[in-house]
Structure formats: structure tokens, C-alpha cells
Amino acid sequence: MLASYNWLRELTGSDLSADEMAEKLTGLGLAVDAVTAFGTGLENVVIAEVRSKAPHPSKDKLTVVEVFDGTDAHTVVCGASNVPEPGGLVVLARVGASLPGGLAIAERALGGVTSRGMLCAEDEIGVGSDHDGIIVLTREDTTAKLGTPVATALSLSDSVFDIALTPNRPDCLGHLGLARELSAVMKSTGVRTTLTESFSIATVQRASGEFDAGGATFGIAIESSERCPRYAGAVVRGVTIERSPFAVRYRLHVLGVRAINNIVDATNLAVFEWGYPTHAFDLDKVRGQHIVVRVAREGETLTTLDGVRRSLQGDDVVICDGEGPVAIAGVMGGQSSEITGATRNVFIECAYFDPRSVRRTARRLGMHTDASHRFERGVDPGAVPSVLHRVAGLITSNAGGTTVKEALDVVAGKLTETKLTLRSSRIDTVLGTKVPLKEVGEILNALGFKTTPTVEGFNVSVPSWRPDVLREVDLIEEVARVRGYDKIPTEVPHVRASATGTANSIRFVRRLREQASAAGLFEAVNYGFVSMTDLSNARVSTDAVRITNPLSEDRSVMRTSLLPGLASALRRALRHQAGHAALFEVAHVFVRNAGAALPDEHVMLGILLGGARPAWLGQAGEYDFFDAKGALASVLAQWRHGVGRDGLTQGAPIVAHLHPKRCANIVLFGSVVGTIGELHPDVVSAMELVGRPIYAEMHVGELRAAIEKGDIAKARALPKFPSATRDLAVVVQEDIMASQVADTIRNASDGLIEDVQVFDVYRGENIPQHHKSLAFHIVYRDSNATLTDEKVDRAHKHVTERVSAQLSASLRS
Amino acid sequence: MSDDAVKEFEEGLAKVEASFRSQLDACGDEQSLRAVNARIAGPTGELTGLLKLMPKLPGDQRKVLGQKANALKSAVSAAFDTQLLAIAKAVRDAELSGPHLDVTLPGRNERTGSLHPITRVAYEIMDVFTSLGFDIVDGPEIDLHENNFDKLGFPPDHPATDMQDSFFINAEAGQKQRSLLRTHTSTMQVREMQKRKPPLAIVAPGQVYRRDDDVTHSPMFFQLEGLLVDEGVSFAHLKGVLTRFAQRMFGDNVPVRFRPSYFPFVEPGGEVDIGCMICRGYEGTKEALARQAECRVCKASGYLEVLGCGMVHPVVFENVGYDSDKYTGFAFGLGIDRIAMLRYGISDIRWLYENDVRFLSQI
Ligand SMILES: [Zn+2]
């Protein structure tokens with residue numbers, strides 16, 4: 001909503017500066033986002049009078065004009081065709097002037113004539129959009145002396161507030177509503193509004209009526225009283241369609257509205273004053289001289305003012321004349337009855353339409369108009385007679401003519417008044433401060449609420465322009481708002497502890513994230529939606545939740561895995577020469593849940609490594625499985641006590657997105673909590689990655705459950721006796737895992753082995769094909785005695801034999 | 001024979017005695033020192049060779065010569081130790097006064113990971129509220145229409161309920177069963193109040209979705225919802241908690257301004273502006289005011305809008321089965337992305353969701 005500072009000042013009689021007024025409005029909840037100054041930068045642009053004009057001696061279309069600015073005469077060459085006769089008033093930009101558009105006025109020779117200055121068009125000095133001719137003024141537009149700066153002469157100086165109006169305040173979609181708010185907060189005498197009533201309005205409480213429209217009878221009938229509870233009309237005869245006076249055009253200009261003609265401008269001015277859209281029809285084009293308000297019939301069409309032919313539906317409300325639709329109620333008028341230069345007689349419509357009905361139609365037709373914007377939010381049904389008077393008054397003062405002395409106001413539906421009870425104690429409870437009842441009453445009265453004192457507070461009638469006030473608490477807000485939120489004390493409460501506290505699951509996720517970032521992984525945050533192709537390329541579940549109205553096919557289903565998002569981040573890194581990426585993400589995946597209202601959502605942890613492993617100075621090859629496994633072990637470090645270094649990954653999972661021979665289950669305390677492995681080569685190419693990225697995904701809930709199931713590690717006394725270490729290198733077949741050998745070693749001794757660690761894997765010379773050599777450090781220790789060499793040798797020999805026998809391993813020396 | 005032996009022995013000793021000190025002292029490094037020492041006193045050294053001759057010496061002289069030889073051996077050993085120390089000291093002195101280690105080479109095994117800026121900011125915010133006594137809760141990103149709108153008091157045809165603005169999952173289902181990607185974390189108000197009775201103090205961070213996509217709007221972004229419900233909770237408490245939050249988050253001196261605004265599920269509703277942390281115009285000095293005048297983030301206003309808030313609308317209490325006359329409460333919501341953008345100077349919201357490793361490793 002744009003609002004003029006000058007207009008508000010006129011209505012309130014306030015002497016606040018523009019900035020002060022903006023601050024007051026913001027403090028009332030009518031947030032002023034921006035203040036734009038108008039009428040500035042017009043030094044040396046003055047009112048002047050035409051002394052003489054003559055055609056240019058050599059150039060067609062140019063006129064040589066002599067103008068007088070009260071002190072000096074200036075010869076100006078002008079290209080406009082509307083230079084007035086001598087005595088006419090124009091706007092002169094003198095030599096030295098610098099116009100808002102950046103144009104600097106200097107002496108200029110044009111076909112041998114020296115032009116000293118410029119006669120200005122509206123757009124050239126930023127007072128309108130007209131560029132068809134220069135500004136021609138009359139003494140009705142200004143009484144200022146010649147030579148008066150144009151800003152003063154035409155009262156151009158104004159500030160326009162851009163107010164971010166919340167949808168609950170339709171009453172503030174007009175200057176009167178804003179002025180009412182300002183008056184309440186400034187405790188001033190109220191809004192100064194002038195309403196001349198030059199005709200009478202007959203209000204009838206039934207569905208239809210007729211009135212004498214100046215010789216002919218005009219009928220109004222409401223067939224859809226729920227959609228249109230009230231419809232009033234008046235007739236103005238004998239108008240002359242012209243441009244509006246400068247002041248009207250300028251006021252509309254600062255409010256961002258293009259002036260059209262003196263009738264349309266009058267209705268627009270009323271919109272900005274009362275917040276109430278009305279519509280002016282060319283009376284002589286209203287066929288049958290009557291209006292019917294009804295729902296549209298399927299198949300009906302109407303060409304609206306913007307020239308678009310609209311198909312109507314049974315849910316739309318239309319204004320019809322004797323033959324068919326002439327306007328879409330509350331949205332836009334039709335072309336057939338539009339005001340034109342030939343219009344002599346005008347029918348003014350002022351009606352109240354159901355906000356929801358207007359909204360549905362406007363949305364369906366994709367038409368967001370000034371009218372629909374206001375009707376959707378709810379105009380003031382009680383204001384209908386006043387607005388009708390005002391629009392008729394503006395039209396006659398703008399365009400001449402007279403209003404027919406009788407007008408008709410058909411009230412077919414119910415107009416209810418909201419009555420509320422306000423308890424003083426409740427105000428104090430909600431606001432946390434005592435507000436004197438006297439002040440409460442004053443505030444409500446200033447806003448137009450009628451109050452009757454009761455034992456507890458007030459009985460309150462809500463004015464018809466406040467559809468948003470429906471409950472006691474709404475009145476409390478009015479009081480808080482007008483007093484100012486800064487009047488409410490600031491008090492930190494003692495928050496009572498809840499029985500539950502923050503769930504372990506939430507604290508766990510945080511620790512997981514912190515561990516993952518400390519392990520050297522960067523956290524990614526991806527959108528929850530992906531494309532079906534992303535899912536199929538990643539070879540993860542495509543049984544995904546679909547969005548009915550996605551922004552694009554790229555983001556049309558909810559992710560079933562974190563892989564597509566992380567893969568796209570890796571792809572981005574590789575494409576942009578980042579060389580590598582080590583990423584993780586903790587987020588929801590979505591699983592369809594047939595029969596249930598909502599899908600299942602699981603929190604997952606995804607880890608993706610790809611590209612060159614960063615090394616200390618120089619290159620160290622590509623990330624491989626063991627980098628990912630190491631990262632995983634670091635992430636889980638604080639929970640995986642007691643899980644041997646080799647115990648984290650076991651067995652091969654059956655998941656389509658991983659390399660079938662280079663993947664593993666992630667196992668913690670006996671539970672499988674996820675999978676890890678190189679991406680399947682087909683996935684790598686489908687997702688346009690390169691190399692061998694490694695991906696791990698874990699179900700965070702299952703991970704936490706496994707950890708909670710696992711025992712808490714207990715501290716043991718440190719050993720008193722020394723250990724002895726022996727190495728063992730064995731050659732085994734490729735498919736025997738190091739952990740299998742280590743387990744065999746451990747099981748082969750009678751409690752003397754403390755630790756087994758693989759320290760070398762070797763393939764190549766002297767090792768048969770499909771075999772590998774594994775070397776282990778075996779730490780022997782007797783917790784009760786110092787081991788003798790003999791005892792260790794014996795145990796080691798036993799271990800060696802068992803490994804050879806059980807794993808068909810041969811020793812390697 | 002034995003006289004010769006005695007003579008040879010004595011000459012040998014004299015030779016060692018005469019030269020060992022100068023030989024050892026001449027060594028400049030440990031390696032040569034050890035080599036020289038080995039030549040004298042090592043297993044095959046001169047002195048060791050002499051000592052091996054001892055049994056051949058006549059018995060009457062053996063004792064005297066033996067003592068002499070052992071004394072010499074001790075002297076060699078002492079000289080060796082002294083020179084060893086001297087060399088070590090020289091090495092240490094040389095290093096202490098020598099060129100500096102190139103400490104600018106990178107550290108080994110650097111772990112350069114990080115939390116996403118949104119996560120970092122979210123945890124920081126949560127820490128403030130948990131220290132004030134709030135619990136953290138979470139919930140689904142896909143929720144029922146009624147939790148997202150109806151129970152919060154949105155009228156049935158509120159613009160937000162439109163297909164234009166929200167992502168629906170099964171728009172064709174009946175109103176009750178309709179689900180959508182939550183448009184705000186306010187769903188958590190409904191969910192938590194339906195789950196438990198007052199007193200209730202929660203904050204709920206999480207993803208929310210709206211059908212916008214441009215420089216300042218991302219179709220997915222992060223919000224944090226807060227809710228406190230108990231007997232006697234007032235707007236003054238709302239101001240207290242949010243002022244405390246703003247000051248812990250943005251600095252003790254940051255000004256906090258409450259002004260009326262509108263959200264369907266609160267009444268009275270408000271918006272919280274805090275002093276712009278980019279220009280810090282609120283410091284009031286000439287320099288600060290000059291910064292404010294130039295500040296594009298707050299558009300020279302000196303304030304930034306960071307929170308929506310208000311007293312829980314009684315209709316919400318009624319919809320979740322709370323006694324709206326007995327209990328009062330306040331709710332608030334803030335955009336985590338926005339705070340992250342302010343904090344890290346991020347001008348395009350989409351950077352937050354591109355996961356460019358170059359971006360992630362910047363901040
Ligand atoms: Zn600033």
C-alpha cells in the first residue's frame with residue numbers, strides 16, 4: 001500500500017515530519033518499508049506565461065515561444081503541439097536547471113534560433129507519465145505568481161510511504177483508515193473528512209429494488225445474496241470526459257497510478273481514500289437499464305477492460321445487465337460498458353462482495369487487481385452509502401454533471417456487527433502489565449470501537465471496517481498496539497523445566513555432526529527434493545513420495561537416499577577443479593507408506609569421498625575405501641570402544657548402488673547400521689562422476705539404538721608384566737579376509753594373546769596368483785607373570801600351526 | 001721375553017697416553033669421535049689390544065702395570081665422554097643460533113572439515129534457548145494440512161494454503177488427510193501441544209518449503225520455532241526471552257525493537273528488529289552513523305527484521321485441547337538462513353544449498 005504523506009497530513013491535521021509519521025505507522029504495525037520523496041530536484045523550474053508563439057522559421061513541427069517568468073522573458077523552441085495561446089500557463093525549465101531525469105538545460109541553437117530553456121512535459125519533471133505534450137496549467141491549477149518554483153506552485157513536495165500491510169488490515173488500504181490509526185496514536189481530534197451529500201440513498205432490506213435514474217427507471221437485483229450481500233448504485237448525468245485537473249493527476253501519480261480520465265481517476269481517488277473499489281459504467285451501455293448480481297453460468301464469457309476474453313464458471317460472481325455479464329464482481333469491469341470519451345451518463349456501482357468468492361475467482365483467472373486485492377481482504381460493508389456519496393461527489397467535481405437525486409442501496413444479505421466482552425484482568429495477564437481502564441477506553445474509542453463499561457471492563461461493538469477483530473484478545477492487541485509495544489515491560493521468565501527435556505536422539509545427531517566435521521568432512525545441506533532420474537541414476541529406491549505441484553521435474557520427488565545430493569556436490573567439486581570432496585550430510589529421507597496419511601521419515605547420515613586424497617606436500621593418490629572407513633571410524637570413535645579396528649565392516653551388503661566386490665556392512669555391537677563401499681561403476685558413470693568415490697550411509701536411529709544396546713566400556717587395570725611381540729606372515733587366498741586370520745590367531749592361544757594387528761599386505765613376486773601375504777604383529781602377555789621366551793615360542797608355534805591348518809595358509813619367511 | 005713384553009706394554013701405554021687426548025679432542029662430530037674412540041678403546045682398539053697382553057706380563061709387574069692400564073682406560077673413557085658432551089653442545093648451540101625451521105609448511109593430517117553455516121548458526125541459537133530452559137524438539141518435514149494450517153487458525157482459503165505457494169503431496173485427498181511439505185516449523189507447536197501438557201518450553205529447528213526460488217528465496221530453507229506455554233505467561237515474558245536471545249546472539253549492546261505485526265496463530269502478534277550487526281549504527285558514534293548511512297544490508301535504517309512472534313492465539317489452544325483461559329503462551333519463529341547469511345556475509349541464499357566445497361571451506 002502506497003500512502004501520501006501530504007494526504008495523511010490533510011486528514012489528520014498532524015504536523016509530524018514524514019519520517020516521524022513513518023515511525024508512528026511502523027509502531028502501529030503498519031510497517032513503512034520505504035519513504036520516497038517527490039517534488040525534489042526542481043530548482044530553476046518555474047511557472048511561466050506564454051507571451052507569444054510563432055512557427056519556427058526553418059523547422060516544421062517546432063514552435064518559437066516567448067515566455068515570461070515574472071522577471072524576464074525567455075525565447076524557447078518547443079516541439080510540442082499543445083503550446084497554449086498567449087496568456088496560457090506553462091512550466092519553464094530555465095537555463096541552468098537540472099531535471100530529475102539528469103537532463104541539464106543549456107542554451108541551444110535550433111535551426112538558427114537560440115532556445116533559452118525548455119517547456120516541460122509531465123514525465124520530464126517526474127510529475128506524471130504523460131509525454132504527449134507540455135504541461136498546460138490553468139489558474140484553477142495554481143494561483144501562484146509567475147516565476148514561482150513549480151514545486152511550490154503545484155504543491156509537488158510529498159513523501160510516499162510504502163507500507164507492508166498485513167492481510168488482516170483491509171481498513172488501512174485507504175488513507176482514511178491510516179489517518180484513523182494515526183489519530184488514535186497521536187491522541188488528536190480525529191480524521192478530518194468532508195462528505196457532501198448532494199443526493200439521497202434509499203436503503204432497502206430485500207433482494208431487489210428500482211430507482212428513478214433521471215427519467216428512466218433503473219433496477220438492481222441480487223440473486224446471490226451470500227456472495228453479494230449489498231449492492232448500491234447512483235447515476236450521474238451530463239459528465240464531460242476529460243483529463244483530470246493537475247492536482248488529481250499528480251496525487252494519483254505519486255501513488256503509482258496512471259491517470260486515465262476524470263471519471264476513472266475519481267473512482268481511483270476514492271479507492272485510495274476509503275480503501276473501497278467502486279466501478280463506473282457508461283449508463284447508456286447498460287442494456288435494459290438494470291443490474292443483476294448472480295453466479296455465472298457455465299460457458300458464459302466476458303471481455304474485460306484489459307481486452308482479454310474470459311471464460312466464466314459457476315463459482316464466479318458476475319454483474320449482468322439485461323443481456324449478460326458486464327463485469328466480474330470485485331475483479332474487473334467489462335469492455336462493453338467501459339467509460340469512453342463519448343460517455344455522458346455514468347452508473348456508479350458500490351457493492352460488498354464476499355472476500356472468499358472474489359479471491360477464488362481472481363486466483364482462478366490469474367487476475368490480481370487493485371479491486372480484487374481489497375475485496376479479498378474485506379472492505380467495509382458499512383461504508384457503502386458514504387463511498388457512493390464520495391465517488392459521485394468526486395465525479396461531479398471532476399467531470400461536471402449532476403447526480404440524480406435518488407440512489408438505491410439493496411441489502412439482500414446479513415450484515416452482522418461483532419460484539420465482544422473485554423476484561424481488564426485479561427489485558428493485564430496477556431500483556432504482563434497494568435493498563436488503566438480509562439486509557440483502554442480512549443484507545444478503543446479513537447479507533448472507532450463503541451464501549452460500554454461493565455464491572456470487569458467493557459462491552460465492545462466492533463466497527464464494520466474491522467473484520468479482523470473477532471475475539472477479546474484482538475481488542476487486547478489494539479490496546480497494546482496503540483500504546484506501543486515499547487510500553488510493555490521486558491521480563492525474563494523462570495521457565496519451568498519440562499518432564500522430558502531434549503530427546504537423546506536430538507543430542508545424538510548433534511554429536512554425530514560435530515564428530516563428522518572433526519573427522520575432516522564438510523557438511524553439505526541439500527534440498528529434500530530430487531528428480532526421479534537422480535534416484536534411478538544413483539540406483540537407490542525410486543518408490544518415492546511425489547510432489548503434486550513441483551517447481552520443476554528436477555525437484556519433483558522426495559529423496560529416498562542422501563546419495564544424489566552428495567553426488568551432485570562431488571560432481572560440482574570435480575568440475576570446478578576443487579580436485580576432491582569429503583562430505584557428509586545428516587538429513588531426512590522419505591519412504592512411502594501406503595495407507596498412512598504421512599510417509600515415514602528417517603534421519604540418515606551420508607558420507608561421500610571422492611577425488612584426490614590431500615597429502616602432506618605433494619600427491620597421495622585418490623581416496624579409496626580405507627579413507628572412507630577411517631573417516632567412518634573417526635566419526636564413530638567415541639562410541640565404538642571395544643569394537644576392534646577391523647570389526648567395523650563385515651560381510652557384503654546387497655545394495656545396488658555399491659560395487660558388489662568393494663563394499664561392506666557397517667556393524668556396531670552386532671547390529672548392521674549401514675553400508676559402505678565404492679560406488680558401483682555404473683552409478684559413477686550415470687551420475688557423471690569420475691574415479692572411485694566411496695559412499696557410506698547409515699540409519700541414524702538404528703545407529704543410536706546399536707550404541708545404546710552396546711555395553712559401556714569398563715576401565716581395566718593396566719598390565720603389570722611385560723609383553724612380547726612376534727610377527728607372523730602368512731600367504732592365503734584372496735578371499736580370506738584379514739579379520740578372519742586375526743580371529744584365527746586370537747582363538748589359537750590360551751589367553752596369552754593381547755592384540756593382533758595386521759601391518760602388511762603384499763602381492764607380487766613369490767606369491768601365487770589369487771593369493772596375498774598378510775603380516776601381523778602378535779602381542780603376547782601373561783597378566784600374572786613375566787613371559788619366558790620359551791613360553792612365547794611355544795604359543796607362537798601353536799598359533800602358526802593353527803593358522804596354517806585352518807586357513808590353508810603357508811608361512812612366508 | 002717377559003722384559004720385552006713389559007717394555008712393549010709400557011711403550012704401548014705411553015703411546016696411547018701421549019696421543020689419546022689430542023686424537024679425541026680433534027673430533028668435530030659424534031661419528032668420528034666414536035670411530036677414534038673405537039680405535040683406542042674399542043674391542044679391537046690399541047688399548048684393548050694392550051690389555052689383552054696382560055696375562056703375558058710377569059706376575060710381579062702385572063699388578064702395577066694393570067693399575068696403570070686401567071687408569072689410562074678410565075682417562076680415555078672420561079675424555080671421550082667430555083668430548084661427546086662438547087660435540088653435543090656444539091651441535092645444540094649451532095642449531096639454537098642457526099636458521100629457523102620453515103614453520104610455514106602445512107600441518108600434517110589436517111582435518112579441515114566443518115559444520116555447514118546453517119548448522120553452526122542453528123546450534124548457536126539452540127544453545128541460547130536451552131540455557132534459558134527450552135527443550136529442543138523435531139518433527140517431520142511432510143505434515144498434515146491441518147497441522148500446518150487449520151489448527152493454527154489459518155482460514156481455509158488463506159493464500160498460503162494455495163497451490164501457488166506450498167508444495168502439496170496429495171492435493172486430491174480430503175482436507176483432513178491432505179499433506180504437504182511444511183511451510184513453517186509452526187507445525188511443531190501443534191504437534192508438541194497435542195503430545196504433552198503445559199508447562200511447555202520448546203524450540204524446533206528444521207527445513208521448511210515454499211514455492212519460491214530467487215536470490216533471496218530458496219524453495220527449501222531453515223526456520224526455528226519457539227513456544228512457551230504456562231499459566232501467567234505474558235507479552236512481557238516474550239519480550240524478556242527474545243531480548244535475552246538477541247543480546248546473547250548478537251551482543252549485549254544490540255538494541256531490540258518490538259513492533260506489531262500479524263500472523264494467524266498469534267495475537268497480539270509482533271515482529272522483532274535488532275540493531276544492524278553489519279553497520280552497528282546503534283553505537284551512535286559519528287563513524288557508526290556514517291556506516292549506517294551507507295549500509296545496504298539494513299538499507300540505512302539501522303535495524304534488521306529477524307523474528308516474528310506473538311502470544312499464542314486462543315484458537316490454537318482450543319484446537320489442541322488446551323484451556324485457553326487458564327494458559328497463555330508465546331511463540332516465535334526465525335529464519336536460520338537469514339541469520340547465517342548476515343553472519344557470514346552471504347549475498348545469495350542459493351550458495352547455502354549448492355554445497356560447493358570452495359564455499360564450504362571459506363567459512
Ligand atoms: Zn546496517
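Predicted model: local features only at pLDDT ≥ 70, side-chain atom pairs only at ≥ 80, totals over all residues.
## Basis

Local features need pLDDT of at least 70 and side-chain atom pairs count only at pLDDT 80 or more, while totals for chains, interfaces and linings use all residues. Residues are numbered from 1 along each chain as its sequence is written, chains are lettered from A in the order in which they are written, and side-chain values use heavy atoms, without hydrogens and water.

## Zinc site

Four SG atoms coordinate the zinc ion at 2.3 Å: those of Cys276(B), Cys279(B), Cys295(B) and Cys298(B). Donors here are N, O and S atoms within 2.8 Å of the metal (3.2 Å for Na, K and Ca). Their spacing in sequence is C-x2-C-x15-C-x2-C.

The arrangement is tetrahedral because the donor atoms subtend angles of 103 to 114 degrees (four donors qualify if all angles lie between 85 and 135 degrees). Cys295(B) and Cys298(B) are both buried (under 20% relative accessible area, 1.4 Å probe, protein chains only).

## Contact between chains A and B

Chain A brings 83 residues to the contact and chain B brings 95 residues (heavy atoms within 4.5 Å). The buried area is about 7600 Å², with 58% from carbon and sulfur atoms (accessible area lost on being put together, 1.4 Å probe, summed over both parts).

Eight salt bridges are counted between the chains (a side-chain nitrogen of Lys or Arg within 4 Å of a carboxyl oxygen of Asp or Glu). Glu318(B) forms a salt bridge with Arg471(A), with the closest N and O atoms 2.8 Å apart.

Note on methods: Tetrahedral: all angles 85-135°; square planar, octahedral: opposite > 155°, others 65-115°. Buried < 20%, exposed > 50% of the residue type's maximum accessible area, 1.4 Å probe, protein only. Buried area = accessible area lost by both parts, 1.4 Å probe.
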